[in-house]
Amino acid sequence: MNPLRKELLKRAKRLARSGYSPIPVQGNSSPTEPKRPAVIWKKYQRQIASENELETIFGERASALGIVCGRVSKLLVIDFDDLLRYQRFCRHLPQYSETYTVKTRRGFHLYFRTAEKVPSHQFDGGDIKGEKSYIIAPPSRIGNFTYHCTKKVAELELDKDDVDRLLNYFHVQASVHVVAGKRIREAKDVDLQRLYRRLAPRIGRNNALYRAASVAREAGLARSVLESKLLPVHESMAGRPGHKLESLRERNEEGVRTIRSAYRSGRVGRSVKGGMPNSVRERLLQAQGSTIVPRLLDAFALAGWEADAYFTLSEAIALGRRFGLNRKSVLQALTGELCSFDGRHIISRRYVEYLDIRGFNPRKRGRPVELVFQVPAVSRLLRLLNVLWAPCDPLREEDLRSAKAYRLALHREYIARLSPRSSLAVLAARVGVNERTIRRYNRALDVKLSACVGRLRLTREVVRSLPRRSWRAGSNATKGFWLEAADGSRMPAWRHIGSRLLSEGGGGRVCVRLSSVFSLRPELRPAAQFESLSLAEFARLIQLRGHRAGTGGVLKRLGGAIEAARDRARAIRYEKIQLFFGNVSRRVADDKVAESINGYLFALDVGGAEVRRPAKRGIAYRMLKEFGDGNVYLALRSSYKEVMQSLARHALQAGDANQSLDLLARSTA
């Protein structure tokens, strides 16, 4: 008997004595199908093999070890293929993360013991391994990777409530029930004392207390109730070896401070009840040219829907009608042409097997029957749109009735809050309209406008900073600034006219039209406001307005070059990836994970015409069968930021550090 088979057989017998049902797996003896069982394993879904059977079935073809999941082994395994998904699970449900854990090639296996019947199925980022499934166990070796244990602790025992809680977390939300976009949490779902006792020996008493308090805070448990539950346990828990001895009073005070810190920290930027930040509204208005998506997001806030809550399409349509959005507009925002920004969905979606008032029902098998959407948190919108947080101007229900009312309300609240000193162009770009429309808004709101004029006494230095008039000048006037003689007469601010005024000895001033002040306050402002300018400020204004020698200005030309470079970079939108049967599972998202699809599939037919289809895994396999292995491609969409960072990496590899830094700066612009 070779050493590998001997080691696998020894491990299999130990597992069988512990109540698990082991089976042999082909492993590296079959490079094309290394995870395929080496025997017909249906029998071992109902009973555990005896030691004599194990010696028979672990033949020469077996080079890896598997464990049958389900009720035969009383084993439930959560298979994480995504590291971020595993880390998020450990943060949200730490009471279930401290169990026997095995490192896999792409993620982790978390082992649980339960007598409940759980069907095997997928979730976003992994699989639930229950009935009629098996997992690869240590010390199996697949390819160049060896499965090994990372947390050698006892498997957690799960009852029916624990299993339901885990399934609700993966398919709806952790301990969340969905009722018309609202979330209901139950504090009784979490055994806080059990959680604290499991975590304290591994991460320390204070860290364990903080994590338990964070779970209680998310569950809506009052701080006083939590202190009465956990502080007695915290005071009696033994510290780590070598830890400084503390009195009961000191430990109690320390525990109170830790719990208060956990309740103060909270999750920042998640609530949508206060409304959408102005930066989110403005970016959507400018990028999409439509008010539908920002109006729907503000409708979520006005209706009191919480961040991360799930809702159905019918609930969204009913909410939209209440706030003046018809069915077509809601469909455009959720599934149509306005649903994404830079290739990613603004409002996340998910397919679930079955959704009712109790959450996810795992016994409903077959094709997905329900599409649900998730209210986006403010923090997610800020990251998705690449904007900073900004104050939120409050809106009323009637402000969402139409596109005009929405833009008018944003303009009204902005002026009422700031009385901004701005130009019409900036105010128009903010809400996605032209300057003529902003003038109509100002008349409708009775906005008071006060012109601001900067003045500078005419001297020889000032005259030298004035532009020369050349044959390329479009007109005799100097738009935005002028010369004012002592008698009050006005004339263009060309250098030869300024020299003549100065030589005549009459004096004069240079006047520059600055941004106006807009206000809704009842008191009337004067017709114009005057302020003094320095020579440096005046020279900078001339340069910015493009009057330096009639050439258009250095800064203006530079800005045009930067915008042209950005347009060229934005044109690099798709990366062509060749697909084979072996790499489809790594390259193309599962059909249920709709929000991760950011490209399309294409192939060439016999006539040379391009055939495009949605980037879904099932469609990819069908296209490979139709057009042949390697003849199907994935056009993967890349964002402007990703393109700039990729170019920066190539520049750094080529040894051009300055260009690399410049490209990185553009990616964060």
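Author: A salt bridge here is a side-chain nitrogen of Lys or Arg within 4 Å of a carboxyl oxygen of Asp or Glu. The model is predicted, so local features need pLDDT of at least 70 and side-chain atom pairs pLDDT 80 or more, while totals for chains, interfaces and linings use all residues. Residues are numbered from 1 along each chain as its sequence is written, and side-chain values use heavy atoms, with hydrogens and water left out.

Reader: What makes Lys151 and Glu98 a salt bridge?

Author: The closest N and O atoms of Lys151 and Glu98 are 3.3 Å apart. The limit is 4 Å, so the pair qualifies.

Reader: Which parts of the chain does the pair of Lys151 and Glu98 tie together?

Author: Lys151 lies in strand β11 (residues 148–151). Glu98 sits in the loop between α4 (94–97) and β4 (101–103). The pair therefore ties together parts that are 53 residues apart in sequence. Helices are DSSP runs of H or I with at least four residues, strands are runs of E with at least two, and both are numbered from the N terminus.

Reader: How do you know whether Lys151 is buried or exposed?

Author: Relative accessible area decides (buried is under 20%, exposed is over 50%, partly exposed is in between, with a 1.4 Å probe and protein chains only). Lys151 has 14%, so Lys151 is buried. Glu98 has 7%, so Glu98 is buried too.

Reader: How do you know which class of accessibility Arg36 and Glu33 fall into?

Author: Arg36 has 46% and counts as partly exposed. Glu33 has 38% and counts as partly exposed as well. They form a salt bridge, with the closest N and O atoms 2.9 Å apart.

Reader: What makes Arg401 and Glu397 a salt bridge, and how accessible are they?

Author: Their side chains meet at 3.3 Å, N to O. Arg401 is partly exposed at 39%. Glu397 is partly exposed at 31%. Elsewhere, salt bridges that share partners join Glu282, Asp393, Arg417 and Arg430 into one network. By this rule the count comes to 23 salt bridges.

Reader: Why does Lys132 count as exposed?

Author: Lys132 has a relative accessible area of 69%, so Lys132 passes the cut-off. Lys132 is found in the loop between β7 (126–129) and β8 (134–137). Beyond neighbours within four places in sequence, Lys132 is in contact with Trp41, Gln45 and Ser120. Lys132 and Trp41 are 91 residues apart in sequence and 9.8 Å apart in space, C-alpha to C-alpha.

Reader: Why is α12 called oblique to α13?

Author: The axes of α12 (residues 313–322) and α13 (residues 327–334) come within 9 Å and cross at roughly 125 degrees. That makes α12 oblique to α13. Axes are lines fitted to C-alpha atoms, for helices over the stretch in contact, and angles run from 0 to 180 degrees between N-to-C directions. Under 35 degrees is roughly parallel, over 145 roughly antiparallel, 65 to 115 roughly perpendicular, and the rest oblique.

Reader: Which residues make the contact of α12 with α13?

Author: From α12 come Leu313, Ala316, Ile317, Gly320 and Arg321. From α13 come Arg327, Val330, Leu331 and Leu334. They divide into six nonpolar, one polar and two charged. Ala, Val, Leu, Ile, Met, Phe, Trp, Tyr, Cys and Pro count as nonpolar, Asp, Glu, Lys and Arg as charged, and the others, Gly among them, as polar.

Reader: What makes α11 roughly perpendicular to α13?

Author: Helix α11 (residues 292–303) and α13 pack at about 95 degrees, with their axes 9 Å apart. That angle makes α11 roughly perpendicular to α13. Ile292, Val293 and Leu296 in α11 meet Ser329, Gln332, Ala333 and Leu334 in α13. This contact has five nonpolar, two polar and no charged residues.

Reader: Why is α10 called oblique to α14?

Author: Helix α10 (residues 278–288) and helix α14 (residues 378–385) pack at about 45 degrees, with their axes 10 Å apart. That makes α10 oblique to α14. Ser279, Val280, Arg283 and Leu284 in α10 meet Leu381, Leu382 and Leu385 in α14. By class, five are nonpolar, one is polar and one is charged.

Definitions and conventions. Contact means heavy atoms within 4.5 Å.
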